[in-house]
Amino acid sequence: MMNRRRLSPEPALRFLVLSTALLSLTLAACSGDTADDQGGRRAGRGQSGGPPGRGGMSRGGEGTSAAVPVEVARVERRKIASYIETNGTLEAENEVDIVARTAAPIVELLTEEGRQVTRGQLLARLDDAELRAQLEIHRVTLDETQLAYERAKTLQADELISTEEYEQAAASYEFATAQVQATEIQLSYTEVRAPFDGWIVTRYVQFAEQVNNNTPMFRVSDFDPLLCTIRVPERELPRLRDGQPAHLTVEPWPDERFDARVLRISPVIDQASGTIRVTLEVRSRNRLRPGMFARVFVEAETRDDALVVPKTALSLESIGDTVFVAADGVAARRDVELGFSEGDHVEIVSGVQESDAVIVVGQDGLSDGTPVQVLQAGTSLAAGGPQPQDRADGHPPPMRGEGGPAGPGGPPPGARGRGERGGRGGPPPGGGGRERPDFASMTPEQLERIKERMRQRGMTEEQIDERIERMKQRTQQEDR
């Protein structure tokens, strides 16, 4: 019988203990990762369940919020003007059709459409063989009648011929002279020349084509200066004067201004439309062309020392005209009164002071007293977070209460306590101004004012409607 070797219980027990310890360590590590992950999320979201990076309520119940990144611009004093704005079409002051002045076939074309020409430049040549032959015949006749006239003059002085014979010889000489001159003029018409400096707009004829009197051959246009005829409401008549400065813009060069001036003002008012016809003169700078559609700005009044801010500083979410000023690390709402508007800037009559730092990027969604962090223009925010300005497609960044991580487009959690929409936490510090309106109960007139402000920002109607809908949804979420 074979003897079985009896194992000692110590190695088995040691193996069991070691296996149990390893399993415990593994479970502890997994639990630790999960706890760290949950703790990290709790730390990022806060106990209130807000989005990461924006703070929330701590376990002690105290509200903490991260500063909203914004960009600012200083209120400055500069010249700004008030304009009469309208539209017009450019036209050439000198534009004519050059027509044939004699009947003949075309033997030479020396220019084409789109060519620039100078006054007196030869454009085309007509067949002149027949006219040259006629001219030679008339010149021979002129020589004969001239000799007859000179003989008659001598004989009449000696009283050898009658006065009647002398007068007939003189008349024949004058008639022959006139025939030669007329034929020379007809011969000159075979050379078609430009009447002034300009451009060949249209060539109507073809080589070897037979033309007759008054057959159109070319259209020549002078592009400098150009004229722009506009219609101005009669109520603007006191603001118009001859020589008044103006400028216009055209679609091919939207960022350029072309200086103009009022050339003449019609003395009568059109009864049907109640408007005045005003003609402006503008230098083309080799860019403008007749027929272009232009936006016209006639300078009616100027102020040399006005407080001016960018139009982007105006809040899109207020019924009235409102800006936010960055001061002492927080955003302060200011109700302002607007004056003249020129391009991308607007005059502030009251509500801000010179050198105030108005928020121009990131102010949409702010409340009075929201902490802000001023960035330099072009400074990037933390990776993964939306930029404070609207995206390239024109849509606004996500706002608080609209899902996703909160960006600079909305205030941090807990900002409602600073007076937003009535302020459940009391009035805003420092008095503040009007808070964001209730989009759900807004009147059509109030809504249109907000939409107009968005249009001035360059937003399309589709983008405006989407933005308004987002604002309404945010209002409903805040009410809940």
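Trainee: What is the phi of Glu159?

Mentor: Glu159 has a positive phi, near 60°, and is not a glycine. Ala208, also not a glycine, has a positive phi of about 75°. Ala208 sits in the loop between β7 (198-203) and β8, and with a relative accessibility of 48% this residue is classed as partly exposed.

Trainee: Which residues does the cis peptide bond join?

Mentor: The cis bond is between Asp224 and Pro225, with omega about 5°. Pro225 lies in strand β9.

Trainee: How should one read the confidence, and what does the protein average in pLDDT?

Mentor: Where pLDDT is low, the predicted coordinates should not be read in detail. Here the average pLDDT is 77, and 72% of the residues score at least 70. Residues 1-64 have a pLDDT below 50, and this stretch makes 39 contacts in the model beyond near neighbours in sequence. Over residues 378-434 the pLDDT also stays under 50, with 141 contacts beyond four places in sequence.

Trainee: In what order do the strands of the open sheet stand?

Mentor: Strands of a sheet pair through backbone hydrogen bonds, either parallel or antiparallel. In this case 4 strands make an open sheet with antiparallel pairing, ordered β6-β5-β3-β8. Its edges are β6 (191-193) and β8 (210-211), each of which pairs on one side only. Within the sheet, β3 (residues 104-109) and β5 (residues 122-126) are antiparallel partners over 3 bridges.

Trainee: Which residue of β5 stands opposite Ile106?

Mentor: Leu126 is opposite Ile106. Leu126 lies in β5 and is buried, at 1% relative accessibility. Setting aside near neighbours in sequence, the contacts of Leu126 include Ile106, Val107, Tyr189, Val211 and Met217. The C-alpha atoms of Leu126 and Glu108 are 6.9 Å apart, although 18 residues separate the two along the chain.

Trainee: How do β10 and β11 pair, and over how many bridges?

Mentor: They pair in the antiparallel sense over 5 bridges, and a hairpin of 2 residues joins β10 to β11. Val250 has Trp253 of β11 as its bridge partner. β11 is in turn joined to β12 by 6 bridges, again running antiparallel, with Arg264 partnered by Thr279 of β12. The hairpin of β11 and β12 has 5 residues between the strands, and Gly274 there takes a positive phi near 70°.

Trainee: Where does Thr275 lie, and is it buried or exposed?

Mentor: Thr275 lies in strand β12 and is buried, with a relative accessible area of 12%. The side chains of Thr275 and Ser273 form a polar contact of 2.7 Å. Beyond four places in sequence, Thr275 touches Arg231, Val232, Pro233, Glu234, Ile269 and Asp270.

Trainee: Which residues of the largest nonpolar core touch the most other members?

Mentor: Among its 25 residues, they are Leu248, Leu280, Leu288 and Val298. At least two residues of this core come from each of β2 (76-99), β9 (216-233), β10 (245-250), β11 (253-269), β12 (275-282) and β13 (293-310), and β9 gives the most, with 5 residues. The contacts of Leu288 outside its sequence neighbourhood include Leu90, Phe223, Leu226, Leu248 and Phe258. Apart from this core lies another, of 17 residues, including Ile106, Val192, Phe196 and Val220.

Trainee: In which loop is Asp356 found, and why does it count as buried?

Mentor: Asp356 is in the loop between β17 (345-350) and β18 (357-361). Asp356 counts as buried because its relative accessible area is 16%, and the buried class lies under 20%. Beyond its sequence neighbours, Asp356 is in contact with Ala73, Arg74, Val75, Val325 and Arg334.

Methods: Residues are numbered from 1 along each chain as its sequence is written. This is a predicted model: local features need pLDDT of at least 70, side-chain atom pairs count only at pLDDT 80 or more; totals for chains, interfaces and linings use all residues. Side-chain values use heavy atoms; hydrogens and water are left out. Buried means under 20% relative accessible area, exposed over 50%, partly exposed in between (1.4 Å probe, protein chains only). Contact means heavy atoms within 4.5 Å. Two strands pair if DSSP finds at least two bridges between them. A nonpolar core is a set of buried Ala, Val, Leu, Ile, Met, Phe, Trp, Tyr and Cys residues joined through side-chain atoms within 4.5 Å. A polar contact is a pair of N or O atoms within 3.5 Å; within protein, one must be able to donate a hydrogen and the other to accept it, and residues adjacent in sequence count only if both atoms are side-chain atoms. pLDDT is the predictor's confidence in each residue, from 0 to 100.
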